[in-house]
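Hi everyone, thanks for making time.

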Amino acid sequence: MTGRGRTRREVLGLAGGAAALLAGGCGGTRERTGELVRSAGPLPEPFTTPLPVPRVLEPLRRTADADVHEVVQRVVRVGIVPGRSTEVFGYGGTFPGPTIVSERGRATLVTHVNELPVPTVAHLHGGHTPADSDGFPTDLLLPAGAAAPPAGAGHGGAHHEDPQHGGPRRASTAGDLAAGRREHTYPMQQRAATLWYHDHRMDFTGPAVHRGLFGLHLVRDEEEARLGLPSGAREVPLLIADRSFAEDGSFRYPALDPTMLATPGVQPEFSEGVLGDVVLVNGAAWPVLDVDAARYRFRVLNASNARRYDLRLSPPPPSGPRFVQVGSDGGLLARPVELGSVRLAPGERFDVVVDFARYPVGTEVDLVNGLGDGGSAQVLRFRVVRRARDDSTVPARLSEVEVLAESAAVRTREFRFSRGGPGQPHWVLGGRPYDPARVDADPVLGQVERWRLRSDVHHPVHVHLDPFQVVRRGSRRRGPWDGGWKDTVDVRPGEVVEVLVRFTDHAGRFVLHCHNLEHEDMMMMANFQTRA
Ligand code: C2O
Ligand code: CU
Ligand code: CU
């Protein structure tokens, strides 16, 4: 929505008071589910900070068939806004966490070490992972030295009364507790894909991810390597997350309990979701990236708690496609798909190629968000700085992608994502608040099922263990952003999205939930138990 003609001054002006006016109190727009938290302190000048790229984590050691990693979760201070530091929870002491790179077929073992003041749960989003390593919400990793979960904390132990969640909560299922460290085994028997890891603690995922607990995890394989897609410095992750800042430089998150130890949830006016007015890419506010006039591959992740984006290039290239999508959540598409914009809800990933050779050297190309206003309409600036040689290609055939047949579905299940009724928590799934002890679905491994995902407002629905294929949105075929294997799909207001799921290999208990993290924490989650 930032027109190509708008000057920088106008853009910046809008990021101030006008933005607040525009954004304030209009949680009712159908494109946005959430309420804006306003920044109070000084903000950086847009497009002055060079885009940081998270470091790639070196394994502690490599065995014959596995890479062994350790990630220490700790409190660190980072510089995001001028003259202030921001306290974050950092995987590996950085924000975002380091990028883990796996090779298909070679196991990755990650030991998480918790040096934070709160319990955590590490989940690999998109991972085809055995249940005991997946990061079930009650499989708490307690801080080193802690003997038991803090009194009253979520479902780790004690009962507690909580009006927002509808009375006493069942604590029948203390999960698998560990203190100090926990090893996760990722077999990596899965296609090359853009995965990410993030906190998943029962009731407290929103504040934990907001505080910094997320990072990228790439799976590579030979099929992908053979394609000749842009690589090296021209393969760039873009981890997008909105935040707001307090006067002292800290992140503003409207938690009921800022210690994140006892009472879950956010102040009631933010129950729809927490939106920020500053867009961070790889941890920097509105950064800038100098690019060659050549093709780039961007691994775009929406790591925001609740914000959806419609990413556009401004100005668009004078000719040719804006974005060429080569992959989705679950890896490569069969063929590249041209997209005018990249629309992504929390949790979704798009693997896209942009060809900057179509712009004259010297052009500034902004990545803007058509669903934002003020600060949230700006994302990143590319400066096309030099002509350069480009040996990359985007082949017309990318991958052999199995297409699940609707006729193969052995049964249909419906999952309804809606507001809770009287006496219920704010958000429920199938009319019921999440109960870690209940089995809500029991699919058989290897069988195709049709899942109908029904919504009231926007809910990005995420399923663990295996990706799915979208077949239908309402009465229409699937939409332009639904291609390939997905593990998160944006279900729009009043819509039914039909997907085909097929779980394989790992019998056990997994979750599906809304990936608007405030909805998830306020009980919009369910369990499925896969069986042989
Ligand atoms: Cu990205 Cu169940 O999470
Ligand atoms: Cu996940
Ligand atoms: Cu939701």
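Before the metals, one term: a donor is an N, O or S atom within 2.8 Å of the metal, or 3.2 Å for Na, K and Ca, and since water is not among the atoms, sites may look incomplete. With that in hand, the donor residues of the copper ion (ligand 3) follow the spacing H-x54-C-x4-H in sequence. H459 and C514 in that set link distant parts of the chain: H459 belongs to strand β29 (residues 459-463), C514 to strand β34 (residues 508-514), and they are 55 residues apart. Strands here are DSSP runs of E, at least two residues long, and helices are runs of H or I, at least four, all numbered from the N terminus.

And which atoms are the protein donors of that ion? They are ND1 of H459, SG of C514 and ND1 of H519, 2.0 to 2.1 Å from the copper.

A quick word on ground rules. This is a predicted model, so local features need pLDDT of at least 70 and side-chain atom pairs count only at pLDDT 80 or more, while totals for chains, interfaces and linings use all residues. Residues are numbered from 1 along each chain as its sequence is written, chains are lettered from A and ligands numbered from 1 in the order written, and side-chain values use heavy atoms, leaving out hydrogens and water.

Back to copper. Ligand 2, also a copper ion, is coordinated by NE2 of H123 and NE2 of H462, at 1.9 Å. H123 is in strand β7 (residues 122-125) and H462 in strand β29, so this pair ties together parts 339 residues apart in sequence. Are these two histidines, H123 and H462, buried or exposed? Both are buried, meaning under 20% relative accessible area with a 1.4 Å probe, counting protein chains only; exposed is over 50%, and partly exposed is in between. H459 and C514 are buried as well.

Zooming out, the protein has four helices and 35 strands. Of its 532 residues, 62% are buried. Take contacts, meaning heavy atoms within 4.5 Å: among those between residues at least 6 apart in sequence, 79% join residues at least 24 apart.

Now the inside. A nonpolar core is a set of buried Ala, Val, Leu, Ile, Met, Phe, Trp, Tyr and Cys residues joined through side-chain atoms within 4.5 Å. The largest one has 54 residues, and L238, F298, L311, F356, L367 and F382 touch the most other members. Strand β13 (residues 235-243) gives the largest share, five residues. Why does this core lie between domain 1 and domain 2? Because domain 1 (61-225) and domain 2 (233-242 + 265-387) both contribute residues to it; those bounds come from an automatic or database domain assignment. There is also a second, separate core of 34 residues, with V457, V463, V470 and F503 among them.

Last, two polar residues. N302, in strand β18 (residues 295-302), is buried, at 1% relative accessible area. A polar atom of its side chain lies 3.1 Å from the backbone oxygen of L344. D366, in strand β24 (residues 364-369), is buried too, at 11%. Its side chain makes a 2.6 Å polar contact with that of R381; a polar contact is a pair of N or O atoms within 3.5 Å, where within protein one must be able to donate a hydrogen and the other to accept it, and residues adjacent in sequence count only if both atoms are side-chain atoms.
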